[in-house]
Amino acid sequence: MSTADGDAPLLSVEGLSKTYVSRPGFVARMAGTPDTRVQAVSDVSLQIGRGEILGLIGESGCGKSTLGRTILRLHEPTTGRVTFDGTDVTALDPAAMKAMRRRMQIIFQDPYASLNPRRTVGDIIGLPLRLHRLATSEAELRDRVTEIVERVGLKARAVDLYPHQFSGGQRQRIGIARALVSHPEFIVCDEPVSALDVSIQAQIVQLLLDLKRDMGLTYLFISHDISVIGYMADRVAVMYLGEIVEQGPVERVLSDPRHPYTQSLMSAVPEVHPQGPHKRGRVRLTGDLPSPLNPPSGCKFHTRCPLAIDACRKVTPATEGVGPGHSAACHRLSERLSLLDPDDAPAAP
Amino acid sequence: MSTAAQSPTEAATPAAATSIFRRNMRDFADNRLALVSAVVVVLFVLMALAAPLVAPHDPNATDLFRRLQPPAWMEGGSWSYPLGADALGRDILSRIIYGTRISIFIGAAVILVATTIGILAGLAAGYLRGWTDVAISRLVDILLGFPYLIFAIGLMAMMGPGLVNIILALAYKEWVIPCRVVRGETLVTRELEYVEAARALGASRGHIMLREILPNILSPVIVVSTIRMAHVIILEASLSFLGLGVQPPTASWGAMVADGRAFILESWWVSTFPGVAILLLVLAINVASQGLRDAFDPRFSE
C-alpha cells in the first residue's frame with residue numbers, strides 16, 4: 001500500500017518548486033522596481049504508491065492546489081522533478097505529455113466553473129475519448145460515455161443535457177466521469193467536496209472510494225477538512241506556506257501529530273464530547289497566514305508558533321524521521337512537546 | 001439551480017432542455033421595440049434581395065422631362081414616381097431600393113471580414129499572451145489612434161474606388177473593435193476551470209481557443225458586431241457622399257444625398273429621402289442590437 005512496501009512509487013515528486021514572477025510595468029521597471037516573486041510551492045518532495053490515497057492538507061492559500069496542478073504540469077514547475085511510473089514527466093515533449101495526460105487526471109473543486117456551459121454533458125465527457133482517439137466509432141464513444149455516466153450514478157439521458165440543468169453534486173459526478181472515462185491511473189482530487197453540501201459530500205466521498213477500488217486508482221486528495229482526509233487517506237502530508245511540514249501514515253499523523261502546525265490544525269477539529277475524559281488543549285493561532293510574497297525567515301511557521309525559539313527565526317529546520325514513514329520539519333521535535341497536551345502548551349499571553 | 005436539478009429524470013422536461021441560446025432568443029422576442037426593429041431590418045434585407053421585383057423603375061433610367069419632379073403628393077408629382085425624381089430624372093424610390101443592396105451588402109461584408117479577423121486575433125492575443133499579445137495589442141492601439149473616416153478616406157485614395165476596396169478600407173480598422181472585446185473576454189475565460197480541465201485532458205491550444213473559449217464569448221461579439229454594422233453603413237454612406245465610395249451611376253444612399261446637395265432648397269426630396277432611408281435602417285439596427293445585448297448579456301439588463 002505505502003511506499004514502505006518496497007515497490008517503486010507510482011508518483012514521485014522531488015524538490016518541486018513553483019515561483020510566480022510578476023514583472024512591473026515598463027515605467028516602473030525603468031524606475032528600478034524589482035520583479036515580484038511568489039514562491040507558491042517550495043522544495044516539496046513526496047511519493048505516492050500505486051493504489052494509495054495521499055491526503056494533502058493545509059490552509060487556503062498555502063499552495064495545495066498549485067502543488068497538485070504543478071504535478072500535472074498544468075503549471076510548469078520552476079525547479080524539481082515529477083516522475084510518474086518511471087517516466088520523468090517534467091522532461092516530456094508536448095506530444096508525449098499529451099499521451100501522458102490520459103493517465104493522470106484532475107477533479108476540480110468548483111463544479112460550476114469546471115464544466116463548459118455551452119457543451120452537453122455527453123460532449124464534455126466524450127472529449128478525452130476524442131482527444132486521445134480512444135473510441136473507433138461514434139457509437140462506441142457514446143456507449144463508453146453512457147457507461148461511465150451510469151457508473152458515477154447519473155441517468156443515461158444526462159448525456160444530452162447541459163451542465164446548468166444539474167445540481168452541484170450531480171455536476172461533480174459529471175466532472176468525475178470526465179476525469180475517469182479515459183481510464184487514468186492517477187487522479188489529483190483538488191478539494192472535490194469542499195464546495196458541496198455536507199449531505200452530498202458523503203455521497204461523493206463514497207463514490208470516489210468505490211471508483212478507486214473498482215478501477216485501481218491512486219489519488220492525491222487535496223482538502224482542508226481533516227475529517228475527510230482522516231476517512232479517506234492512507235497517508236497524509238501537511239502543507240504550510242508552500243512547504244510540507246509533516247508527512248506520514250494517516251493514523252500516526254492524526255493521533256500523534258509532531259509538528260506544532262499539525263497540532264494546531266488538530267486542535268481546531270471540533271470534539272464530539274468537549275467535556276469528555278480526554279479533554280485536550282486548545283491552540284489558538286494568532287495572525288493570518290503570512291504573505292508568500294515576503295515569507296518569514298528560518299522556519300516559516302515561527303511567526304505563529306507558540307513554541308518558537310530563537311533558532312526557529314534564523315535556521316530552516318530539516319525534515320527528520322520521527323517514526324515509520326513519518327517525518328516532520330521542526331527544531332523542537334526531540335523535546336516531544338505537544339500543544340494538545342495542556343502541560344506542554346504555553347500559557348496564553 | 002433549478003428545482004429540476006434534484007434528479008436528471010425531471011431535468012429532461014422539454015422546457016428545461018433548451019440551450020442558453022434559445023432562452024436568450026425568447027428574452028429578445030419579449031422586447032416589443034427590439035422585435036419591431038428587427039422586423040424593419042428584415043424588411044430592408046428582403047427589399048435589397050428582391051430589388052428588381054419591388055422597384056417600379058430601372059434605377060439608372062433617366063428621363064429628362066421629369067428632372068427634379070416632386071413627390072406624388074406635391075403639385076407636379078405623379079404616383080408613377082412616388083418620391084419624385086432626381087436631377088437626371090431617375091426615380092428616387094427605385095434608387096433607394098437598389099441603394100439598400102449596397103448599404104446592407106457592404107455593412108454585412110465589412111462586419112463579416114472584421115469580426116472573423118477580430119475573433120482570431122483577439123483569441124490569439126488573449127489566450128497565447130506573451131509577444132503575440134504585445135504585437136496585436138500595440139497594432140490595435142496604433143489603429144485606434146487614427147480617426148476612422150480619415151483613415152478610410154486615405155485608403156480609398158490609395159486603392160482607388162470599387163466595391164472590394166470599400167470593404168477593405170473599412171475592415172482595415174473595423175476588426176480592432178471585435179478584437180478588443182474578444183481579447184478581454186478571453187483573458188477572463190482562459191482562467192476558468194473548464195479551460196484548465198481541457199488542458200488537463202490534453203486538448204490543443206487550437207481546440208481550447210475555438211471549441212472551449214469561443215462559444216462562451218460569442219454573445220458579446222455578436223452584440224457588438226450588430227451595433228457596429230449600423231456604424232459601418234454610415235461610414236459607407238459618408239465615403240459615397242464624398243465621392244470616394246460606390247461610383248456612379250450605381251445607386252448608393254450616400255451618393256444620392258450628395259447629388260441633391262446643390263438643389264436642397266428648391267428640390268429637398270432628392271437628398272431627404274435617401275437620408276431618411278439611412279436613418280431608418282441605422283436606427284432599426286441599433287434598437288434591435290440593443291435588444292440583443294439585453295437578451296444575451298445579463299450584465300446589461302436593467
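Rings of Phe, Tyr and Trp, the last taken by its six-membered ring, pair if their centres lie within 6.5 Å.

**Aromatic rings**

In chain B, ring pairs link B:Trp73, B:Trp268, B:Trp269 and B:Phe273 into a cluster. Counted over all chains, there are nine aromatic pairs. One of them joins B:Phe44 to B:Trp253 in an edge-to-face arrangement, with 6.0 Å centre to centre and 65 degrees between the planes. B:Phe44 belongs to helix H3 (residues 32–49) of chain B and B:Trp253 to helix H12 (residues 253–259) of chain B, so this pair ties together parts that are 209 residues apart in sequence. Both B:Phe44 and B:Trp253 are buried.

| Charged residue | Ring | Distance from ring centre |
|---|---|---|
| A:Lys18 | A:Tyr20 | 5.0 Å |
| B:Arg190 | B:Tyr127 | 5.3 Å |

**The sheet of chain A**

Now to chain A and its strands. Here you will find an open sheet of eight strands with mixed pairing, in the order E6-E7-E8-E3-E9-E10-E12-E11. Strand E6 (104–107) and strand E11 (319–323) of chain A are the edges, each pairing on one side only. From one strand to the next, the twist averages 20 degrees.

Let us look at some neighbours in that order. Strand E7 (residues 186–190) and strand E8 (residues 218–223) of chain A run parallel and are joined by five bridges; across this pairing, A:Val188 stands opposite A:Leu220 in E8(A). Helix H6 (residues 168–180) of chain A lies across E6 and E7 of chain A, running at about 175 degrees to E6(A). Helix H10 (residues 260–267) of chain A also packs on the sheet, where it touches strand E3 (53–57), strand E9 (235–240) and strand E10 (243–249) of chain A. The direction of H10(A) makes about 105 degrees with that of E9(A).

The buried residues of H10(A) include A:Tyr261, A:Leu265 and A:Met266. Their packing partners are E3, helix H8 (226–232), E9, E10 and helix H9 (250–255) of chain A.

**Strand E12 and its partners**

Strand E12 (residues 326–329) of chain A is covered on both faces: A:His326 and A:Ala328 are buried on one side, and A:Ser327 and A:Ala329 are buried on the other. E10(A) and E12(A) run antiparallel and share two bridges, with A:Glu246 standing opposite A:Ala328 in E12(A). E11(A) and E12(A) are antiparallel as well, joined by four bridges, and here A:Gly323 stands opposite A:His326 in E12(A). These two strands, E11(A) and E12(A), form a hairpin with two residues between them, and A:Gly325 in the turn has a positive phi of about 70 degrees.

**Backbone exceptions**

Most residues other than glycine have a negative phi, and most peptide bonds are trans. Against that background, a few places in the model stand out for a closer look.

A:Asp85 has a positive phi, near 50 degrees. This residue lies in the loop between strand E4 (79–84) and strand E5 (87–88) of chain A. A:Asp85 counts as partly exposed because its relative accessibility is 36%.

A:Glu191 is not a glycine either, yet has a positive phi of about 50 degrees. The loop between E7 and helix H7 (198–215) of chain A holds A:Glu191. With a relative accessible area of 5%, A:Glu191 is buried.

In chain B, the peptide bond from B:Pro248 to B:Pro249 is cis, with omega near 10 degrees. B:Pro249 is placed in the loop between helix H11 (205–241) and H12 of chain B.

**How confident is the model?**

The model scores ipTM 0.84 and pTM 0.82. Chain B has a mean pLDDT of 86, and 91% of its residues reach 70 or more. Within chain B, confidence is highest in helix H9 (residues 176–189) of chain B, at 95, and lowest in helix H1 (residues 8–11) of chain B, at a mean of 41. The pLDDT is below 50 over residues 1–17 of chain B, a stretch that has 31 contacts in the model beyond near neighbours in sequence. Where pLDDT is low, the predicted coordinates should not be read in detail.

Note on methods: Residues are numbered from 1 along each chain as its sequence is written. Chains are lettered from A and ligands numbered from 1 in the order in which they are written. This is a predicted model: local features need pLDDT of at least 70, side-chain atom pairs count only at pLDDT 80 or more; totals for chains, interfaces and linings use all residues. Side-chain values use heavy atoms; hydrogens and water are left out. Rings of Phe, Tyr and Trp (its six-membered ring) pair if their centres lie within 6.5 Å; planes under 30 degrees apart count as stacked, over 60 as edge-to-face and the rest as tilted. Buried means under 20% relative accessible area, exposed over 50%, partly exposed in between (1.4 Å probe, protein chains only). A charge sits over a ring if NZ of Lys or CZ of Arg is within 6 Å of the ring centre and within 35 degrees of the ring normal. Two strands pair if DSSP finds at least two bridges between them. Axes are lines fitted to C-alpha atoms, for helices over the stretch in contact, and angles run from 0 to 180 degrees between N-to-C directions. Contact means heavy atoms within 4.5 Å. pLDDT is the predictor's confidence in each residue, from 0 to 100.
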